[in-house]
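Student: I have a structure open and want to go through its side-chain contacts. Can we start with how you sort residues by exposure?

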Amino acid sequence: VEASMKSWLFALCLMLVCTEATAEWRCISLDELVDQSDLIAVGTLVDVEESSDGTTDTGKGRIKIEEILKGPDKLIDRTLFWRNPTGLSCPRVEHKANKGIKAIWLLELKEDGSVEANHPERFVDLKQRDAVKGLVK
């Protein structure tokens, strides 16, 4: 009995050591993202700033909107905010790499007029413009 208990404990320890915790983004279809978006716009992210208070990493930038595909008709720039717990490596919301790239933004509009894009697939290549427009209801 003692030998089988040791074998069982060894196997349990081995499983705990070999188990790696990973997190990744849930796959969301373009159709679902378009449906969930309050504002879909063609624009370019500029004026990106990032900071950390040691607990939360925050980022902000301005999307220079050139065309509205869905949502409020106003061609006004929108402030984009994102945040992550400090030390979280995956999954993180990051938009700094999108700075200066004209693309389609699938945005969630906040009461103060700012926007969020809290999934990497909410930044869509312009080549998918017709596909996005076809999904807008």
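Tutor: A residue is called buried when its relative accessible area is under 20%, exposed when that area is over 50%, and partly exposed in between. Keep in mind that this is a predicted model.

Student: Then where does aspartate 77 fall: buried, exposed or partly exposed?

Tutor: Aspartate 77 has 35% relative accessibility, so it counts as partly exposed.

Student: What does aspartate 77 form with arginine 62?

Tutor: A salt bridge, in which the closest N and O atoms are 2.6 Å apart. Aspartate 77 sits in the loop between strand 2 (56-70) and strand 3 (78-85), while arginine 62 belongs to strand 2, and the two are 15 residues apart. Arginine 62 has a relative accessible area of 29%, so this residue is partly exposed too.

Student: How many salt bridges does the structure hold?

Tutor: Six. Another one of them joins the side chains of glutamate 67 and arginine 129, at 2.2 Å from N to O.

Student: Where are glutamate 67 and arginine 129 in the chain?

Tutor: Glutamate 67 is in strand 2 and arginine 129 is in helix 3 (residues 129-135), so this pair links distant parts of the chain, 62 residues apart. Glutamate 67 is partly exposed at 26% relative accessibility, and arginine 129 is partly exposed at 23%.

Student: What about glutamate 116, which partner does it have?

Tutor: Glutamate 116 forms a salt bridge with lysine 110, and their closest N and O atoms are 3.4 Å apart. Glutamate 116 is at 13% relative accessibility, so it counts as buried, whereas lysine 110 is partly exposed at 33%.

Student: Changing topic. How many aromatic pairs does the structure hold?

Tutor: One. The ring centres of tryptophan 105 and phenylalanine 123 are 4.9 Å apart and the ring planes meet at 70°, so the pair is edge-to-face. The cut-off for that label is an angle over 60 degrees.

Student: Which parts does that pair tie together?

Tutor: Tryptophan 105 is in strand 4 (residues 102-109) and phenylalanine 123 is in strand 6 (residues 123-124), so the pair ties together parts that are 18 residues apart in sequence.

Student: Is tryptophan 105 buried or exposed?

Tutor: Buried, because its relative accessibility is 0%.

Student: Now threonine 44. Where is it?

Tutor: Threonine 44 is in strand 1 (residues 39-52). Its relative accessible area is 13%, so it is buried.

Student: And what does threonine 44 touch?

Tutor: Leaving out residues up to four places away in sequence, threonine 44 touches Arg62, Ile63, Lys64, Glu66, Gly100, Ile101 and Lys102. Arg62 is also part of the salt-bridge network with Asp47 and Asp77.

Student: Last one, lysine 137. Where is its place, and is it buried or exposed?

Tutor: Lysine 137 lies in the segment after helix 3. At 77% relative accessibility, lysine 137 counts as exposed.

Student: What does lysine 137 touch?

Tutor: With residues up to four places away in sequence not counted, lysine 137 touches Asp31 and Asp35.

Technical notes: Residues are numbered from 1 along each chain as its sequence is written. This is a predicted model: local features need pLDDT of at least 70, side-chain atom pairs count only at pLDDT 80 or more; totals for chains, interfaces and linings use all residues. Side-chain values use heavy atoms; hydrogens and water are left out. Rings of Phe, Tyr and Trp (its six-membered ring) pair if their centres lie within 6.5 Å; planes under 30 degrees apart count as stacked, over 60 as edge-to-face and the rest as tilted. Helices (H or I, at least four residues) and strands (E, at least two) are DSSP runs, numbered from the N terminus. Buried means under 20% relative accessible area, exposed over 50%, partly exposed in between (1.4 Å probe, protein chains only). A salt bridge is a side-chain nitrogen of Lys or Arg within 4 Å of a carboxyl oxygen of Asp or Glu. Contact means heavy atoms within 4.5 Å.
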